[in-house]
Every structure is written in C-alpha cells, then in structure tokens.
Amino acid sequence: MATFKQLYLRKVFALVSIILLVSVILVLGVSSATWNKVSSDHYSLQFYDFEIVNEFPHDSTAFTQGLLYAGNDTLFESTGLYRQSSVRKVAIRTGKVEILHKMADSYFGEGLTLLGERLFQVTWLTKIGFIYDRKNLQKLEQFTHEMEDGWGLATDGKILYGSDGTSTLYQIDSQTLKVTTKNVIKFNGQNVRYLNELEYINGEIWANVWQTDCIARISPNNGTILGWILLPSLREGLLAAGYNGIDVLNGIAWDSGNNRIFVTGKLWPKLYEIKLHPAKKHYNSEDIEKLCLA
C-alpha cells in the first residue's frame, strides 16, 4: 500500500509533468509561428530584373524630379535646379515639351502627382508646394506641408503619399494637406534612407532611392518592403554609350490602362518603357544593402 509520502510525490511529479508539457507546446507553437512569419516574409520579398520594351527621347537638360503618366501617350514632369525648374507636359514618343510652366528662380522643383484635375508639386529645402491646373499648367495656389522637406509625391486617387529624403513615407490628407500617418521604411533592420520620387502602382508605393539604381516596392499599409527592382544596367548602358553628363536614376510613371511602366533619370537623354521579370540571379540581404541602401 502506498504511503502518504509516495502519493504526495506522485501528485507533484504529475503536476510538474503537466507544466512541462504545456510549456513545450507553447514554446513550439511560438517558435513555429515565428519561423512561419520569418519564412513567409523572406519568401514574399521579391527581386526583379527587367527588359527594355521601348526607348524614347528625353530632354537631356531635364533634371527629372517628378514623373507621371498623363494619358494619350503624354507625361507630366517636374524638373529641378535653381533657375531651371519647371512643370511640363511631354509627348512620350517624341520627347517634345507640349506645355511648360517655368517656376520662379528661387524654387527647386521636386515631386509631382495628379489628383483629379490638379497637379500637386513640392519643392526642395522648403515646406512649400504648388497646385496646378492639369489642362494648362496654370498655377492655382500655394500650400505648406508637414514633411521635413519636399522630395517625392504620389497618390492612390484619395490620399497623397510623400517623401522628404529620409526613410519616412508619409500619408497626407489631400484636402487639409496634414500628415495622417508615417511609416519608417526598413530593410533587414536598417532604415532605407533617401526615398525620392514616388509612384502608386497596383496597391504599392514604388520609390526611387537616391544615389542608387534601385526602386523599392513598399506596402502603403505598414511600410513593409515587398520587393526590389534592380536597374543598374540602364545607367551603365548610357555611360557606355558616351552619355557622361547623366545623373542618377529618378522618375517612375505608370500607365494603368495599358500596364506600362516608364523610368528615366536626371539629365538622361532617354525614357525607357520596361517590363519586369523575377531576377534569375540570387540576391541575399548583403547584396541588396550594397546596391540599394545609400
């Protein structure tokens, strides 16, 4: 017959066993969830190469800061540099400037986007922006914004998205022009600095990263990096062809009706229509940090 002490020890052993079993289940469950999340995040991050579908002439004196599709094979473009900044409507196939609004010499034009019938533009080293009539580029009004600087602009048709040269992506109320949401964009734990020209494409924000040949594909919901588009061969091709005066890749435009993507750069003599493909080369985090984190 079991003694009282033996019964007590059996109960303690049983209790400890149950506690250990529950702990193991919890640890395995958390570990599994964590691993699944890491695996899912890693799997969902895509890298893209491209093919050139078409090449078009582009004003090689245009210091491109903002670019967007205007319909009927035309683009709206914002250019920078003091005493040379402008907003223009450009024919894609010829590169001809159809309408030009020259900005005051004291302003350095930056990002540009179209919401309804109005073009919104920001300027460098100021918190001042301008609104233009899309039909004739007549300036309608001036506004101030709450970003640290004016670099890039885009819209989903309802709200504005902005960049200021930091790693922050802003959401801005298009009526009040007040910042409603901020997301700090990170890759592999590091801030993605110098977010520049922006475009809203199929539910994503695409952002040029200044001083790189990379475009980051970003979730506007939480700022997660969804993928990277790697375009170094465009600039390298221009340099090899003798275009030594070019500056960095900058400018993304999307023709949503025909699913066409256009890219160019500052002082580039060409505008490219490109088509994306999953990269054949394997890229790890260190590769992307070297290529895309300025």
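Is R260 buried or exposed? At 11% relative accessibility, R260 counts as buried, where buried means under 20% relative accessible area, exposed over 50% and partly exposed in between (1.4 Å probe, protein chains only).

## Ground rules

This is a predicted model, so local features need pLDDT of at least 70 and side-chain atom pairs count only at pLDDT 80 or more, while totals for chains, interfaces and linings use all residues. Residues are numbered from 1 along each chain as its sequence is written, and side-chain values use heavy atoms, with hydrogens and water left out.

## Salt bridges

Eleven salt bridges turn up in the structure, each being a side-chain nitrogen of Lys or Arg within 4 Å of a carboxyl oxygen of Asp or Glu. R260 meets D73 in one of them, at 2.7 Å from N to O. That pair links distant parts of the chain: D73 sits in the loop between strand 2 and strand 3 (74–79), and R260 in strand 21 (residues 260–265), 187 residues apart. Helices (H or I, at least four residues) and strands (E, at least two) are DSSP runs, numbered from the N terminus.

R260 also meets D255, at 2.9 Å from N to O. D255 is buried as well, at 3% relative accessibility. Through shared partners, D73, R93, D255 and R260 end up in one salt-bridge network.

Elsewhere, R118 and E141 form a salt bridge at 3.6 Å, N to O. R118 belongs to strand 7 (residues 118–123) and E141 to strand 9 (residues 139–144), so the pair ties together parts 23 residues apart in sequence. Here R118 is partly exposed at 27%, and E141 is partly exposed at 39%.

Strand 4 (residues 86–91) pairs with strand 5 over five bridges. K89 has I99 of strand 5 as its bridge partner.

## Nonpolar cores

A nonpolar core is a set of buried Ala, Val, Leu, Ile, Met, Phe, Trp, Tyr and Cys residues joined through side-chain atoms within 4.5 Å. The largest has 24 residues, of which V192, I218, I225, W228 and I288 touch the most other members. Among the elements supplying at least two residues of this core are strand 19 (225–230) and helix 3 (285–292). A second, separate core of 19 residues includes I215, I252, I261 and W268.

Notes: Pairing = 2+ DSSP bridges.
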